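Dear colleague,

Please find below the structure that I am handing over to you. My notes on what was found in it follow.

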Amino acid sequence: MNVIKLKKKLEEFFLEDLGELDISSQTIFGEKSRGEAVILAKEEGVFAGANVIEIGYSLFQSDIKVNLKKQDGDLLQKGDIIAEIEGPVAVILSGERVILNLIQRMSGIATLTNKAVHLLGSNTTRICDTRKTSPGLRMFEKYAVRCGGGFNHRFGLYDGVMIKDNHIAFSGSITNAVNKVRESTGHMVKVEVEIETEEQLLEAIDSGADVIMFDNRSPEEVARFAEITPKHIITEASGGIGLHNLADYRHTNVNYISLGMLTHSYKSLDISLNVK
């Protein structure tokens, strides 16, 4: 993750939670009481969010010590210590909730992504995410996907063209939409077209699409469409695919399978902070 952007996000989150001060911790412990705590995994999964812990606590003051026992992408067992923290008690407790909220969610996404990668069990097809992320948390959620062994789709509307069904409907055809984009964008911008039928697929190929997404197609259709598509065009399958049927797409030879569920249907991993 971009460290500068991470710091700004964490500052925003801490300000939301702390306001003027942590009344509970400051009145009980003041600024001089020091202590130690551990961040503990309470269930199995894949960890994500090491920088959140380190940078998060460093934003409070420089003399707090974070000793990471796990790195991003590491497998966690129940009872594993993720990090040890030593410093002012008030700081440890004031930062606890924001940091735990983030690493629980990130680790939940990393765990789900890792499960999807293993269920697919393919050396040729990659699992990737979508833009179906929580507003304000996209950087964290997409990073967590990478920690789990997945790959990122575009980060926003600004870093790639994706011509979907409504774009096609409003513009009249795939060809019209692609031509309009090519007239206005440079050679570094890739163009993806979403299709549902073989007729649309052939038009997308003829129009010069860089990436073609097969939307809501069965494994058999995906395999047939991937066979038709020239090898220089990247292929993607999406829609109607989840853990229940992911393995059915193992031998379709599509380049990517994008799963919105990775960032909108995950379960946060159970992680806590305990006094050492």
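N253 lies in the loop between β10 and β11; helices (H or I, at least four residues) and strands (E, at least two) are DSSP runs, numbered from the N terminus. Please note that this is a predicted model, in which local features need pLDDT of at least 70 and side-chain atom pairs count only at pLDDT 80 or more, while totals for chains, interfaces and linings use all residues. Residues are numbered from 1 along each chain as its sequence is written, and side-chain values use heavy atoms, with hydrogens and water left out.

The phi of N253 is near 65°, a positive value in a residue other than glycine. Most residues other than glycine have a negative phi. At 54% relative accessibility, N253 counts as exposed; buried means under 20% relative accessible area, exposed over 50%, and partly exposed in between (1.4 Å probe, protein chains only). N216, in the loop between β9 (211-215) and α9, also has a positive phi, near 55°. With a relative accessibility of 43%, N216 is partly exposed.

**The parallel sheet**

Six strands make up an open sheet with parallel pairing, in the order β6-β11-β10-β9-β8-β7. Two strands pair if DSSP finds at least two bridges between them. At the edges are β6 (126-128) and β7 (161-163), each of which pairs on one side only. On average, neighbouring strands of this sheet are turned by 25° against each other, direction ignored. Axes are lines fitted to C-alpha atoms, for helices over the stretch in contact, and angles run from 0 to 180 degrees between N-to-C directions.

Strands β10 (residues 234-238) and β11 (residues 256-258) run parallel and are joined by 3 bridges. Within this pair, E236 has Y256 of β11 as its bridge partner. Helix α7 (residues 174-184) packs on the sheet and touches β7 and β8 (191-195), its direction making about 165° with that of β8. Contact means heavy atoms within 4.5 Å.

T229 is found in the loop between α9 (219-228) and β10. Its relative accessibility is 2%, so T229 counts as buried. Not counting residues up to four places away in sequence, T229 touches L201, I205, I212, F214 and T235. The side chain of T229 also reaches the backbone oxygen of F225 at 2.7 Å.

**The antiparallel sheet**

A further open sheet has 4 strands in the order β3-β5-β1-β12, with antiparallel pairing. Its edge strands, β3 (65-68) and β12 (271-275), have a single partner strand each, so one side of each is left without a neighbour in the sheet. Neighbouring strands here are turned by 20° against each other on average, direction ignored. Between β3 and β5 (residues 81-88), which run antiparallel, there are 4 bridges, and K65 stands opposite E86 in β5. Helix α3 (residues 50-58) lies across β1 (34-41), β3, β5 and β12, running at about 170° to β3.

**Cysteines**

The structure holds 0 disulfides, a disulfide being a pair of cysteine sulfur atoms within 2.5 Å. C128 is buried, with a relative accessible area of 2%, and C147 is buried at 14%.

Yours sincerely

How values were computed: A polar contact is a pair of N or O atoms within 3.5 Å; within protein, one must be able to donate a hydrogen and the other to accept it, and residues adjacent in sequence count only if both atoms are side-chain atoms.
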